[in-house]
Amino acid sequence: MCFSLRQSIIDGDIENSLKYANECIKASMNPLEVLNKCVVAGVLELGDKWIRGEAFIADLVAAAEAAKVVIPILKNEIVKRGGKLEYVGRAVIGTVEGDIHDIGKTIVATIWEVNGIEVIDLGVDVPPQKFVEAVKQYNPDIVGMSALLTTTMVKQKETIEALKAAGLRDKVKVIVGGAPTSAEWAREIGADGWAPDAISSIDVVMKWLREKRSAVGEAHG
Ligand code: B1M
């Protein structure tokens, strides 16, 4: 079943991707494992083919679309199996300006949501000023930025600078991620945190939310 789902993602076949994702759920497979081993693995396998010249960009786009249709179904299942529904914090997330890769960002947003974080997803190609406006509008605890290109990583830095210039930097914790980024890069640009994948990003942001709650508790106690 996982193999069929992975193949449907590779084929960019939305109908079959939905069918096999639902079959995986009916068979009581772990939805997080299905996400990683069947959906993400399919996109990455196709990415490798593309690098070898065995697939076209249009194939990658179709695979990404199929993946994004399946992600909400798996998310619902994760919530059903005990993911949190009450919000413990709020985050604004987006893929930085010039970058349209959004599968990783969407998975990070999904994992945050099922752990009880209200997520405002600004989408892709988000300019620094749009992050600034979103912080003013939504007053989040966390700002998350994803970048998949070495040429767009610098926008994470520019966004942090824009937050500083707007006097908002101290109001939020900033986490950055995406394949070309690293802990060292995060430190260099003045982010508060970095995570290599969606699952480990939860430890980072939950720690911040716990610290914030206990600081508020102490102030009121
Ligand atoms: Co593009 N692409 N792409 N691409 N693409 C890469 C990234 C590339 C590495 C492929 C390669 O050459 N080896 C390469 C970048 C090279 C570089 O800069 N170092 C590349 C290139 C060059 C390009 C174009 C320039 C190609 C062209 O047009 N000539 C172009 C750029 C478009 C643009 O953005 N302006 C382009 C276009 C595309 C598609 C549109 C076709 C498609 C994206 C579709 C979509 O997302 N809707 C696409 C894809 C699919 C890929 C690959 C194959 C897969 C990316 C992906 O979805 N990975 C990718 C090669 C690869 O990664 N093997 C490639 C799966 C995803 C789950 O992982 O996004 O890494 P990832 O997210 C992970 C972690 O990084 C982390 O957690 C996630 C989940 O665990 N994470 C965070 C991510 N964000 C985080 C944020 C956090 C914390 C953790 O906190 C906020």
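Student: What makes His 101 a donor to the cobalt atom of the ligand?

Tutor: Its NE2 sits 2.2 Å away, and donors are N, O and S atoms within 2.8 Å of the metal (3.2 Å for Na, K and Ca). His 101 is the single donor from the protein, though water is not among the atoms, so the site may look incomplete. This is a predicted model, where local features need pLDDT of at least 70, side-chain atom pairs count only at pLDDT 80 or more, and totals for chains, interfaces and linings use all residues. Residues are numbered from 1 along each chain as its sequence is written, and side-chain values use heavy atoms, with hydrogens and water left out.

Student: Why is Ser 146 called buried?

Tutor: Its relative accessible area is 9%, and buried means under 20% (exposed is over 50%, partly exposed in between; 1.4 Å probe, protein chains only). So Ser 146 counts as buried. Ser 146 belongs to strand β3 (residues 142-146).

Student: Which residues is Ser 146 in contact with, leaving aside neighbours within four places in sequence?

Tutor: Gly 94, Thr 95, Val 96, Lys 105, Gln 156 and Gly 177; contact means heavy atoms within 4.5 Å.

Student: How do you know how α3 runs relative to α4?

Tutor: Helix α3 (residues 31-51) and helix α4 (residues 57-80) pack at about 175°, axes 10 Å apart. Angles under 35 degrees count as roughly parallel, over 145 as roughly antiparallel, 65 to 115 as roughly perpendicular and the rest as oblique. So α3 is roughly antiparallel to α4. Their contact residues divide into 16 nonpolar, one polar and two charged.

How values were computed: Helix = DSSP H or I, 4+ residues; strand = E, 2+ residues; numbered from the N terminus. Axes fitted to C-alpha atoms, helices over the stretch in contact; angles between N-to-C directions. Nonpolar A, V, L, I, M, F, W, Y, C, P; charged D, E, K, R; others polar.
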